[in-house]
Amino acid sequence: LRIAIESDLNADAITTEIDVFGMKGLVKDEGEEAAAWLQQLLPTASDPRLVRVVTNRWAKDSPSHIGTNTPTDQIKLHDYAAFHLICEQGVEWLQTKISDPSLTLTTEQFRANVVLDSSIPFPEEDWWNTISLGGNEMRVAKQSGRCVIPTIQHGNRPKSFEPTKTLMKIRRCFHRHQLDRPTKGPCYMFGLDLFPSQADVGHTISVGDAFELVSTREAPAYF
C-alpha cells in the first residue's frame with residue numbers, strides 16, 4: 001500500500017466502535033483511496049474499508065494480566081493477545097495424533113506471529129508462566145483456544161476437520177478464568193497467548209532470538 005496516510009486523521013473521518021470478543025475500541029476510516037486498494041486486494045468483498053485503531057482495546061478475562069493497566073496489556077485488532085506462539089514440536093506431536101495421517105500439518109495453519117523451535121518436548125509448554133525471547137520477557141496469559149481457522153484450505157492442503165477434530169478430543173479444558181463460570185463451555189487448546197512483561201515500549205524480537213524458560217506454573221486440567 002503506497003498512499004499517504006496522515007499522522008493525524010482528518011477530523012471528519014468516520015469513527016466506528018468495534019467489538020471483538022467483547023473487547024471494545026474505536027477505529028477511523030482511512031478514506032476512499034485506501035478502500036479502493038483494499039477492494040482490489042479483496043475483489044469478492046463487499047465495500048471493504050481500511051481502518052486505523054484510535055482507541056486501544058484492553059484484553060480481559062485472564063488473571064495473568066487483568067487489572068495491571070500497563071501499555072503492554074493494550075491491543076488493537078488482535079482477537080486476544082499481542083503475541084500468539086506455536087511450537088514446532090507441538091505441531092509435530094499433533095501430526096502423530098490426527099485421524100488422517102495423510103494430512104500434513106504446518107505451523108502456518110495456526111496463524112501465529114511467533115514460531116518457536118526448541119529442544120523442549122510438547123506438551124511441556126502447558127506449564128510455562130513466563131519466557132524470554134531475545135532477552136525480552138513474555139507472560140503467558142493463557143493457552144490458545146482453537147477455532148475453525150486451522151481447518152481451512154491452506155496452500156496445497158485441502159480443507160479438513162483436522163486438526164480441530166482431534167484437539168476437541170484430547171486438548172479440551174477450561175481457561176483459568178472460566179473456572180468460576182460453569183455455564184461457559186470448554187475450549188480446545190493449542191499454542192500460547194503472550195503479553196510483554198516490560199511496561200515500556202520499543203523492544204524487538206527477531207528470527208533466531210534465543211529462548212529461555214523463566215518460570216512455570218500448574219498446567220490446565222484437560223479432559
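**Side chains up close**

Mentor: Let's begin with the cysteines: the count of disulfides, meaning pairs of cysteine sulfur atoms within 2.5 Å, comes to zero. What you see is a predicted model, in which local features need pLDDT of at least 70 and side-chain atom pairs count only at pLDDT 80 or more, while totals for chains, interfaces and linings use all residues. Residues are numbered from 1 along each chain as its sequence is written, and side-chain values use heavy atoms, with hydrogens and water left out.

The average pLDDT (the predictor's confidence in each residue, from 0 to 100) is 81 for the protein, and 80% of the residues score at least 70. Take care with residues 61–68, where pLDDT stays under 50. Where pLDDT is low, the predicted coordinates should not be read in detail.

Back to the cysteines. The closest cysteine sulfur to that of cysteine 173 belongs to cysteine 187, and at 7.6 Å it is too far for a bond. Cysteine 173 is buried, with a relative accessible area of 1%; buried means under 20%, exposed over 50%, and partly exposed in between, using a 1.4 Å probe and protein chains only. Cysteine 87, at 5% relative accessibility, is buried too.

Now for the charged side chains. Side chains of opposite charge can pair when their charged atoms come close. The model has six salt bridges, each a side-chain nitrogen of Lys or Arg within 4 Å of a carboxyl oxygen of Asp or Glu. One of them joins arginine 52 to glutamate 30, with 2.7 Å between the closest N and O atoms. Because arginine 52 sits in strand β3 (residues 51–55) and glutamate 30 in the loop between β2 (23–29) and α1 (32–41), this pair ties together parts that are 22 residues apart in sequence. Arginine 52 is partly exposed at 21%, whereas glutamate 30 is buried at 19%.

Another salt bridge, 3.0 Å from N to O, brings glutamate 32 and arginine 49 together. Glutamate 32 lies in helix α1 and arginine 49 in the loop between α1 and β3, so parts 17 residues apart in sequence are tied together. Glutamate 32 is exposed, at 57%, and arginine 49 is partly exposed, at 28%.

The pair of aspartate 126 and arginine 171 is set at 2.8 Å, N to O. Aspartate 126 is in the loop between β7 (114–116) and β8 (128–133), and arginine 171 is in the loop between α3 (164–170) and β10 (172–173), so far as the chain goes 45 residues apart. Aspartate 126 is buried, at 2%, and arginine 171 is buried, at 3%. Elsewhere, salt bridges that share partners join Asp29, Glu32, Asp47 and Arg49 into one network.

Aspartate 47 is in the loop between α1 and β3 and is exposed, at 54%.

Helix α1 itself has two sides. Its buried residues are Ala34, Ala35 and Leu38.

Finally, the packing. A nonpolar core is a set of buried Ala, Val, Leu, Ile, Met, Phe, Trp, Tyr and Cys residues joined through side-chain atoms within 4.5 Å. The largest one has 14 residues, and those with the most contacts inside it are Leu85, Trp128, Ile131 and Leu194. Two or more residues come from each of β6 (83–87), β7, β8, β9 (136–145) and β11 (187–196). Leaving aside neighbours within four places in sequence, tryptophan 128 is in contact (heavy atoms within 4.5 Å) with residues including Leu85, Cys87, Leu116, Val140 and Phe211. Apart from this core lies another of ten residues, among them Val91, Leu103, Leu105 and Phe190.

Notes:
Helix = DSSP H or I, 4+ residues; strand = E, 2+ residues; numbered from the N terminus.
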